[in-house]
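Please look over the sequence and the model shown here. A short report accompanies them.

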Amino acid sequence: MSTANSHSIPDLWPQEIVFTPVLSPLTILRHQAELLAEKSLGVLKAEVVTGGADKVVFHEFRLVAPSLDNYSRPLLIVRHDMDLPYPCSVLSDAFEQDHHDVDSPDQLMRSVERALSSGVTRSLINSLLARISEQADVK
């Protein structure tokens, strides 16, 4: 609703305020889980386990090898406020520092990419694939 003198009051809001859908951390992680299953033809999978405590939400991204009795290992954890998905923190053994703080979906995707393409993650994947191959050779 406009007031009679609203023409003399300038718009003080930033120009960048435009509604655009924002990808949540959970959406980004679930999509990466789907992609791993596709890329590995189901030999490896990922799952996202979500929990929370004290108004903080945790999304644990776990690598799973179904043929190895569902062996699983966490690759990263994203932590954020229950009410707000951003900013959030990404924790991973793949980082030199223990975590990355991010403010946007783009920053989160870059941080997740660093964790998933790290030497630590590649080594784990190669080890699991070797174990799966050995298991197939024995059968």
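## Basis of the model

The model is predicted, so local features need pLDDT of at least 70 and side-chain atom pairs count only at pLDDT 80 or more, whereas totals for chains, interfaces and linings use all residues. Residues are numbered from 1 along each chain as its sequence is written, and side-chain values use heavy atoms, with hydrogens and water left out.

## Helix H1

Helix H1 spans residues 25-39 and reaches 21 Å from its first C-alpha to its last, close to the 21 Å expected for its 15 residues (helices are DSSP runs of H or I with at least four residues, strands runs of E with at least two, both numbered from the N terminus; the expected span is 1.5 Å times one less than the number of residues). Pro25, Ile28, Leu29, Ala33 and Leu36 are buried in H1 (under 20% relative accessible area with a 1.4 Å probe, protein chains only; exposed is over 50%, partly exposed in between). The buried residues of H1 fall within an arc of 140° seen down the axis, so they line one face of the helix (the arc is taken from the directions from the helix axis to the C-beta atoms).

These buried residues pack against strands S1 (45-53), S2 (56-65), S3 (71-81) and S4 (88-91), and against helix H2 (105-116) (contact means heavy atoms within 4.5 Å). Just after H1, leucine 41 takes a positive phi of about 55°.

## Charged side chains

The structure holds 1 salt bridge (a side-chain nitrogen of Lys or Arg within 4 Å of a carboxyl oxygen of Asp or Glu), in which arginine 62 meets glutamate 60 at 3.0 Å, N to O. Arginine 62 counts as buried at 16% relative accessibility, while glutamate 60 is partly exposed at 22%.
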